[in-house]
Amino acid sequence: MFWNLPFIAVATLSLIGLATVVTKKNLIKIFLGINIFEAAVNLFLISLGYREGGIAPIFTSAPSTDMVMATPQALTLTSIVIGVATSALLLSFAVIIWKKYGTIDTDQIRRLRE
Amino acid sequence: MRMSKLVRTGADLLYPFALIFGLYIILHGHLTPGGGFQGGAVVATGAAIVIVAWAYEDVAGMIRKVTMKAQESAGLLLFIGTAALALGLGYAFFTNVLANSGSLFGLSVPFGPNPGELNTAGVIPIMNIAVGIEVWGGLTVILLYLLSGLNKKEEGS
Amino acid sequence: MNGFLMTNAPALLIMLPLIGAFATPFIGRVSPRVRSAWVLLIMTLTTLTALLLASDVFLNGTQIYVFGAANPDLAIPLDSGGIPIRIIFTVDAMSALMQVIGAITGFAVLLYSISADRIHSGLESFYTLFLLMIAGIMGMVSTGDLFNFFVFLEILSISSAGLIAYRIDGGLAVEAALKYFILSTIGAMVILIGIGIYYGEYNALNIAMIASRMQFTLLDQIALVLIIAALAMKCGSVPMHFWTPDAYSMAPSSITAMLVVASQASLYGLFRVVFTLYNVTLNAMTVGWIIIILGVLSMVVGVTMAIPQKNVKRLMAYHAISQTGYMLLGVGVGLAVLGNQPLMESFGYIAMEGGIFHIINHAMYKGLLFLTAGAIFFRIGTYNLNKMGGLGHSMKYTMIFFIIGALAIAGIPPFNGFASKLMIYESVFAFNPVLAVIAMVVSILTLASFVKVFHSIFMGPKLPEYETVQEAPVPMLIGMGVLAAIVILFGLFPQPVVDGLIAPAAHALADQSGYIAAVLGGA
């Protein structure tokens with residue numbers, strides 16, 4: 001049970017993030033929900049790399065040579081960068097919508113209808 | 001809206017330290033944790049401190065959008081040019097042609113745990129520098145555009 | 001020189017659009033004409049590379065390209081113990097077909113866009129994002145590595161979200177792009193969870209490596225459900241289709257034609273995961289029926305929602321959802337009989353060929369229809385069907401292109417829609433007659449809907465406010481003409497196309513062991 005704790009945290013954070021996206025009305029809170037979901041996925045990728053007794057794969061002043069593979073860290077880094085680009089684009093959309101519509105409440109941003 | 005004199009002075013003093021620390025992270029990416037994106041984000045945070053402390057109109061003359069956009073494109077072109085260099089030399093795309101070769105970053109890596117030698121790893125530090133320049137330019141451009149977009153209020157219809 | 005191009009073609013296919021995209025801000029500062037010439041040059045080179053690579057793959061079999069090795073064929077390094085550790089581009093016949101579709105559509109759309117989008121401002125960002133979209137599509141369909149697929153998927157969705165919101169339109173286009181982008185981001189994160197599950201189980205990211213180690217455990221079933229749901233959302237099938245009408249109608253028309261190709265690249269991703277990653281290890285009948293149900297729902301909901309629309313681009317977007325249903329139906333029938341070799345020989349391969357042929361046909365005629373709608377908007381400034389009328393007098397070439405597109409989408413011979421739909425009808429009837437009847441009814445409703453649209457745009461007396469309307473400019477007509485020529489050509493001679501292009505693609509898709517052997521067993 002204890003060793004599954006990262007995965008339980010991943011599931012909890014994903015549910016919190018998805019619940020925020022689905023239920024909240026303010027556009028910025030929806031973006032924060034997306035950010036929480038991305039953080040959960042990054043935590044999932046990192047926790048896949050755990051090997052018992054391994055150290056970080058850095059040769060500079062390393063205490064031993066039992067190293068984990070560097071692949072999950074590269075995947076997580078790429079995912080973080082994509083998350084930054086996504087957040088930047090979403091926030092600039094929010095700025096434009098606030099300037100044109102005067103509100104960022106999703107109940108009023110509904111001009112595209114049937 | 002300008003912040004108080006305390007904040008402005010603090011930001012002015014902190015900016016060079018953030019710059020040096022970020023450049024250190026970019027340059028030592030192949031030896032210690034860090035690399036292009038992380039170092040570029042730290043340098044952009046330094047620029048963000050200055051932009052937030054001073055009013056946007058004061059900063060817009062010094063940190064210009066055009067310069068930062070050109071810096072971003074230059075970083076990207078350096079990155080893809082370094083990757084295409086291997087194609088021109090006859091190997092596959094993205095091959096590390098400078099590693100263990102004796103030229104620019106080409107010393108051989110000493111085996112086993114060691115204090116780290118900067119002159120190694122070939123093409124990787126060059127790509128780190130390219131990505132660092134690009135991320136610095138890109139994140140600063142995002143900040144400048146978001147701030148300038150908010151400053152001009154418009155009527156919602 | 002020829003040998004250099006042949007070996008390095010997969011790398012050139014993403015390198016050229018990326019160099020073009022990154023250099024466009026500098027070159028665009030000289031003058032707009034130089035920028036248009038630069039973008040057109042890059043797109044022409046990319047199209048030629050895609051056609052060269054396709055000819056090589058169809059003659060010589062699956063090609064691989066290893067990034068970062070001393071020799072592009074060195075898939076398994078000598079000291080790695082039999083594991084391919086680098087990123088490998090695996091181009092088999094299905095990937096080559098998708099590359100050709102993307103390249104030809106991109107070329108035609110770029111010819112159209114050079115004159116249609118001249119009135120906008122900020123054009124260096126437009127062409128930069130356009131070339132990044134092309135790079136994303138080419139990378140998505142060529143790669144043999146799951147995480148690389150995710151990265152190119154994100155490149156594609158970020159640049160298309162930026163392009164959809166390009167003409168701000170008082171905020172409407174930004175609202176459409178916002179809906180598209182939020183759904184797209186959540187879908188991409190779900191795909192990343194699936195990829196993480198595969199990495200955690202099999203300690204590999206290469207598609208051929210995971211396919212050779214695949215056992216169908218509970219975690220694999222969870223990953224399959226997540227990836228099918230997310231990729232079906234990206235290609236616009238019901239019940240996740242709500243972003244499609246808004247995004248397709250608010251984007252500039254050239255971008256809408258490219259969005260169709262982008263949705264089909266996601267459809268390719270779905271087929272690649274189901275056929276090459278799993279193949280016969282999964283329960284083919286169950287998963288096949290799930291994809292068939294998705295296809296039937298898309299067909300029916302798409303065409304019934306299209307009938308009452310007044311905005312011509314929204315109507316065409318709902319028809320795009322409906323046609324995606326045809327592709328899912330055809331390939332789903334092929335999946336349902338996978339592993340059962342006699343049934344595959346009798347109608348399974350024909351169903352898959354019908355679905356895959358429909359992908360290329362749909363890109364051609366749907367792109368043509370969206371470009372004609374854009375040409376009409378360029379001249380009269382509205383998309384509302386109630387305000388249009390009598391344009392057949394002044395826009396004759398546009399009317400002819402619209403007739404070609406409308407007859408092709410309804411499945412009338414001798415255009416290409418008929419050829420692929422006939423293959424789908426025959427094979428689906430042999431599987432289950434009810435599905436074929438539903439498909440034919442949807443086709444009749446599509447024809448009815450387009451007769452209505454044609455009548456209200458082009459027929460009738462000339463309206464007084466459209467007295468001065470002229471024909472569309474020549475570069476736009478040339479772009480539309482390229483797509484129309486392919487529509488007619490594939491309709492008149494479908495058999496050589498099916499034998500030469502589509503059948504190898506269908507066989508390569510269903511053949512998992514050939515894919516694995518090309519990466520692991522051979523070079």
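Visitor: Which residues of the largest nonpolar core touch the most other members?
Guide: This is a predicted model. In its largest nonpolar core, which holds 275 residues, those touching the most other members are C:I164, C:A177, C:L329, C:L368 and C:V487.

Visitor: Take C:V487, then. What is C:V487 in contact with, leaving aside its neighbours within four places in sequence?
Guide: With those neighbours set aside, C:V487 contacts C:M364, C:Y365, C:L368, C:I404, C:A408, C:F415 and C:N416. One of these partners, C:L368, is also named among the core residues that touch the most other members.

Visitor: Let us move to the interfaces. How many residues does the contact take from chain C and from chain A?
Guide: Chain C contributes 27 residues and chain A contributes 25 residues. On the side of chain C that touches chain A, α5 (146-164) and α6 (172-202) each supply at least two residues.

Visitor: Which element gives the most there?
Guide: That is α6(C), with 16 residues. By class, this side of chain C has 18 nonpolar, six polar and three charged residues.

Visitor: And how many residues of chain C are in contact with chain B?
Guide: There, 17 residues of chain C meet 13 residues of chain B. The elements of chain C that each supply at least two residues to this side are α1 (2-28) and β1 (63-66).

Visitor: Which of the elements gives the most to that side?
Guide: The greatest contribution comes from α1(C), with nine residues. The side of chain C that touches chain B comprises 14 nonpolar and three polar residues, with no charged ones.

Visitor: Now chain B itself. How many helices and strands does chain B have?
Guide: Chain B has five helices and zero strands, so that, in the notation used for the order of elements from the N terminus, the chain reads α-α-α-α-α.

Visitor: What radius of gyration does chain B have, against that of a compact globule?
Guide: The value for chain B is 19 Å, whereas a compact globule of 157 residues would have one near 15 Å. The C-alpha trace of chain B spans about 60 × 35 × 25 Å along its principal axes.

Visitor: What share of chain B is made up of buried residues?
Guide: Of the 157 residues in chain B, 36% are buried.

Note on methods
Residues numbered from 1 in each chain as written. Chains lettered and ligands numbered in written order. Predicted model: local features only at pLDDT ≥ 70, side-chain atom pairs only at ≥ 80, totals over all residues. Contact = placed C-beta atoms within 7 Å. Helix = DSSP H or I, 4+ residues; strand = E, 2+ residues; numbered from the N terminus. Nonpolar A, V, L, I, M, F, W, Y, C, P; charged D, E, K, R; others polar. Rg over C-alpha atoms; globule rule 2.2 N^0.38 Å. Buried ≥ 20, exposed ≤ 12 C-beta atoms within 10 Å, placed from the backbone. Core = buried A, V, L, I, M, F, W, Y, C linked by C-beta atoms within 7 Å.
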